[in-house]
Amino acid sequence: MGKKFNFWYISSLLISIMVAIPIVTVLLSFFEPTGDYYTILKNTFLTDYIYNSIFLLLGVLFLTFVIGVGCAYVVSFYTFPGVNFFKWSLILSFAVPAYIYAYSLNAFFENYGTAFTILNNLFGEGNYNAHIPKFDGILGAIIAISFSLFAYVYVLTRASFHYQSQNLIELGKNLGFSKKKSFFKIILPSARPAIVAGLSLVAMETLSDFGSVSFFGISTLTTGIYNAWISFDDLTLANRLSSYLLIFILGLFILENVSRRKAQFHTSSKGGFKSKSLIKLNGYKSFFAFTFCLIIFIISFLFPVSQMLYWTIIFPQHLANLNVGKLFFNTMLLVSLSSCLLIALAFISNYGNRVSKSKFLKMLNIFSISGYAIPGIILAVAFITFISWFDNQIINHFEIQSIKPFFIGSILGLVLVYFIRFYSLANNGIKSGYEKINYSIDESAYLLGYSKFKTFKNVHIPYLKNSILLISILLTIEIIKELPITLILRPFNFETFATKAYLFASQDLLEAAAAPSLLLIVIASFFILITSRHTLKE
Amino acid sequence: MKKIIVIILTSILLNNFAIANEVNVFSSRHYESDIELYKKFTNQTGIKVNVISGKDEALQKRIIEEGTNSKADLYITSDAGNIAIFDSKGMFQNSMSPTIEKLVPSNFRNKNWVGITKRARILFYSPERVVNDDLKNLNYEDLANPKWKGRIVIRQSNNIYNQSLIASLIFNNGKETTGEWAKSIVKNMARDPKGNDRAQILAVAAGEADIAIANTYYYALMLSGNKGLEQQIAAKKVLPFFPNQNNRGTHMNISGGGILKYAPNKDSAIKLIEFLLTKEAQQHLVNNTYEYPMIEGVEPHELLKKMGTKFKQDLTTDVASYGQYQSDALEIMLNAKWK
């Protein structure tokens with residue numbers, strides 16, 4: 001047994017424990033008594049919080065399902081003008097964070113907003129305000145979140161279709177099904193695991209959204225946690241609300257994992273498929289498919305980008321005042337440090353799991369959802385609280401220098417919290433890559449006399465090169481967009497594109513927020529294009 | 001080579017260590033012009049100003065948790081309610097120098113914190129739909145009158161400016177009366193509260209409501225044209241009105257700050273506060289943020305002067321009461337089902 005506790009086992013264990021700390025804290029607090037605020041909250045707003053969270057979730061799930069699956073279906077099974085363009089351009093919506101989408105939505109449709117200006121210029125002066133629909137409140141949040149997240153569903157569903165497209169349609173034809181019937185009876189069920197996996201990612205992101213719901217002034221569980229903890233100092237209540245959230249997310253996580261397992265079953269047996277010949281659409285059908293994709297592309301990407309571009313052009317002074325070089329450097333510094341750490345540790349942990357084959361480690365791995373389960377803003381404050389508790393309880397006893405300055409308000413602290421937040425992403429990516437490497441490869445390596453480390457370095461890493469590239473780009477995009485953690489934990493005078501955009505927006509200067517927002521979208525888009533070229537090749 | 005990389009990385013990771021002759025500001029005021037002002041201060045005194053800006057709650061949490069190790073010297077925020085609550089947690093130290101006490105009226109400061117600029121929360125009305133008789137001697141209290149049913153817009157109850165306005169009403173009229181008032185206001189609302197102060201003014205301009213309650217600088221910002229031509233045109237469709245002119249005066253609030261209990265650079269921080277209260281700095285602030293100056297002898301921005309400078313400000317209500325009655329104010333609004 002002693003052999004089991006080697007370097008790989010221990011490091012894998014330590015990484016899992018570190019990521020698990022916040023989630024365990026939350027679960028333990030469920031049994032502590034709560035303060036007065038809970039009673040007030042329970043009598044007034046708790047049901048509102050839960051109701052709003054559920055309503056928001058259902059709205060977003062519905063929209064992302066329709067858009068994501070619809071687009072994936074059309075571009076996977078048919079050819080029509082522009083189909084190759086849409087295949088990758090629809091992923092660009094990943095570059096637009098929900099909060100920036102929310103700014104655009106509000107600015108366009110508000111009284112005397114951009115829509116009003118356009119109508120005024122087209123049709124002359126008039127009172128159009130009453131006729132312009134208002135997308136604010138919960139409706140606004142549903143739209144903003146859906147259009148910035150539907151790509152999860154789109155990408156996963158498309159990948160699933162990619163491996164099975166032709167057979168299914170032919171199967172339908174042979175059975176004498178209409179296209180509609182084929183879609184609902186054959187195609188949709190076959191892609192179900194991928195769709196569910198995409199939707200559960202969407203759901204987790206939706207539940208932990210803070211930026212757009214607080215912009216639209218909606219009280220959800222997440223804002224409830226924020227208020228309970230930060231405004232009312234009621235840690236127990238905050239944790240109890242978090243555990244409600246956690247139950248939701250745990251369910252989703254299990255759903256996602258189960259679906260993924262099924263999805264693997266589907267994709268792994270791809271041998272024997274015919275090469276695909278796509279169905280060519282003609283006439284109005286082709287026009288319809290084209291229009292559908294175009295509208296989604298316009299709403300999800302062109303709309304927020306043009307709103308930001310419009311402002312940047314009519315208020316060029318804001319761009320001129322921006323220290324773009326510094327912002328870029330800061331953003332990329334965080335991106336590179338965090339991605340390296342995340343990928344390295346996810347690797348070690350996965351390899352540790354692989355060589356030790358320990359059930360206990362596998363179970364601990366489930367805590368990697370920590371980052372998803374606890375919204376970024378809460379995680380950041382939890383980190384500060386934890387460091388301060390640790391410092392006061394432990395470090396002070398040894399009368400050495402306080403560790404707080406090393407962790408709070410430093411790049412190190414930021415990188416660590418990003419680590420917890422995005423570990424799930426890195427870990428799952430590496431894990432699914434690893435699952436494709438057969439164990440017999442490891443054994444052959446050992447037979448050749450490779451040590452465990454050498455197997456890791458010379459066999460696994462080259463094998464997983466593509467996974468690493470993909471994950472590092474995903475992490476890059478997430479970190480570029482990340483706002484609440486950066487805002488709270490950053491050092492003095494340290495700004496990124498995201499914090500700059502937020503600070504302008506929060507003083508009601510969306511015009512000034514446009515320039516950093518636009519740059520953020522451009523940079524994230526650049527990274528998405530690298531990935532999409534890569535995924536299209538596959 | 002490896003060593004050099006390690007040194008560079010460590011210095012990047014730990015780049016927040018204190019250098020002498022600096023002052024560290026935690027600020028929830030996000031104005032670029034504030035940063036320009038700090039640069040002027042650095043040029044004059046050689047003291048470097050380091051800034052972290054963010055949401056109030058998060059900044060406060062960070063200061064509290066950092067405790068004795070906090071490098072924060074000065075916390076600057078808008079709204080007296082924010083400052084007073086933080087003060088009640090014992091987070092500030094006595095920061096009043098004789099210079100500060102001489103410059104700032106006593107209801108806008110206490111021994112631990114001081115107002116730097118002022119703003120008024122006033123009414124904006126549609127001159128087409130609100131007649132002069134309605135406005136005569138109008139007080140905040142009168143907005144409870146059923147004749148305003150379906151005509152008022154104001155933002156949500158979680159907004160600190162609203163909490164402070166209601167706290168001032170509790171201070172002056174008592175909790176019970178204000179509770180009734182809030183219930184009537186909710187009945188008189190033209191729509192469920194949503195959007196920021198500017199959205200309320202726009203709602204009146206667009207004909208959704210007749211009276212908006214909003215802070216003065218939002219209106220000035222719209223008039224300035226910095227938010228585009230349409231916003232300027234919209235702002236001209238509504239007019240400002242300063243309530244309670246025949247009694248205590250219009251509700252005033254502050255942006256301000258205090259020196260933190262464990263501030264490592266207290267002297268520099270006092271210098272910075274004193275600098276912010278000089279004529280030069282005050283002029284810079286009011287020109288860029290459309291707030292009212294805190295000290296005598298500085299003129300507000302032209303746009304504010306056009307709105308009327310001769311109005312009576314409430315100088316009797318101690319703004320510290322906004323913190324004292326904040327939870328009562330929130331309770332009243334929640335009970336009135338003010339969203």
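This section describes the domains, helix packing and chain contact of a predicted model.

Chain A is built from 26 helices and 2 strands. Of its 538 residues, 50% count as buried. Among the contacts in chain A with a separation of 6 or more, 83% are accounted for by residues 24 or more positions apart. The domain assignment divides chain A into domain 1, which comprises residues 1–31 and 316–538, and domain 2, which comprises residues 48–314.

The two domains of chain A meet through 36 residues of domain 1 and 36 residues of domain 2. On the domain 1 side, at least two residues each are supplied by α1 (7–28), α14 (316–320), α17 (370–373), α18 (376–393), α23 (465–481), α25 (497–506) and α26 (510–537) of chain A. The greatest contribution to this side is that of α26(A), with 13 residues. In terms of residue class, the domain 1 side that touches domain 2 of chain A holds 28 nonpolar, 6 polar and 2 charged residues.

Two helix pairs illustrate the packing within chain A. In one pair, helix α5 (residues 98–109) of chain A packs against helix α13 (residues 283–314) of chain A, with the axes 9 Å apart and at an angle of about 70°. Because angles of 65 to 115 degrees count as roughly perpendicular, α5(A) is described as roughly perpendicular to α13(A). Helix α5(A) takes part through I100(A), Y101(A), S104(A), A107(A) and F108(A), while α13(A) takes part through F303(A), P304(A), Q307(A) and M308(A). This contact of α5(A) with α13(A) consists of 7 nonpolar and 2 polar residues, with no charged residue.

In the other pair, the axes of helix α3 (residues 46–77) and helix α9 (residues 192–207) of chain A come within 10 Å, crossing at roughly 140°. The helices α3(A) and α9(A) are therefore oblique to each other, and their crossing is right-handed. From α3(A), the contact draws on S53(A), L56(A), L57(A), V60(A), L61(A), T64(A), F65(A), G68(A) and V69(A); from α9(A), it draws on I195(A), G198(A), L199(A), V202(A), A203(A), T206(A) and L207(A). The residues joining α3(A) to α9(A) comprise 11 nonpolar and 5 polar, and none is charged.

Chain B is also assigned two domains: domain 1 covers residues 2–118 and 253–300, and domain 2 covers residues 119–251 and 319–335. The C-alpha centres of these domains of chain B are 29 Å apart. Contact between them involves 19 residues of domain 1 and 16 residues of domain 2. The elements giving two or more residues to the domain 1 side are α4 (80–88), β4 (113–125) and β8 (252–259) of chain B. Of these, α4(B) provides the largest share, 6 residues. By class, the side of domain 1 of chain B that touches domain 2 of chain B contains 7 nonpolar, 9 polar and 3 charged residues.

Strand β4 of chain B includes R121(B). This residue counts as buried because R121(B) has 21 C-beta neighbours inside 10 Å, where 20 or more are required. Its contacts, apart from neighbours within four places in sequence, are with Y161(B), L165(B), I213(B), N215(B), H251(B) and N253(B).

Helix packing in chain B is represented by helix α7 (residues 160–173) and helix α8 (residues 175–188), whose axes come within 7 Å and cross at roughly 135°. This angle makes α7(B) oblique to α8(B), and the crossing of α7(B) and α8(B) is right-handed. I166(B), L169(B), I170(B) and N173(B) of α7(B) form the contact with K175(B), T177(B), T178(B), W181(B) and A182(B) of α8(B). The residues of this contact of α7(B) with α8(B) are 5 nonpolar, 3 polar and 1 charged.

The contact between the chains takes 39 residues from chain A and 40 residues from chain B. On the chain A side, the elements that give two or more residues are α6 (114–123), α11 (221–231), α18, α19 (404–407), α20 (411–435), α24 (484–489) and α25 of chain A. The most is given by α18(A), with 4 residues. The side of chain A that touches chain B comprises 17 nonpolar, 16 polar and 6 charged residues.

Notes: Residues numbered from 1 in each chain as written. Chains lettered and ligands numbered in written order. Predicted model: local features only at pLDDT ≥ 70, side-chain atom pairs only at ≥ 80, totals over all residues. Domains from an automatic or database assignment. Contact = placed C-beta atoms within 7 Å. Nonpolar A, V, L, I, M, F, W, Y, C, P; charged D, E, K, R; others polar. Axes fitted to C-alpha atoms, helices over the stretch in contact; angles between N-to-C directions. Parallel < 35°, antiparallel > 145°, perpendicular 65-115°, else oblique. Left-handed = near helix turned anticlockwise from the far one by under 90°. Buried ≥ 20, exposed ≤ 12 C-beta atoms within 10 Å, placed from the backbone.
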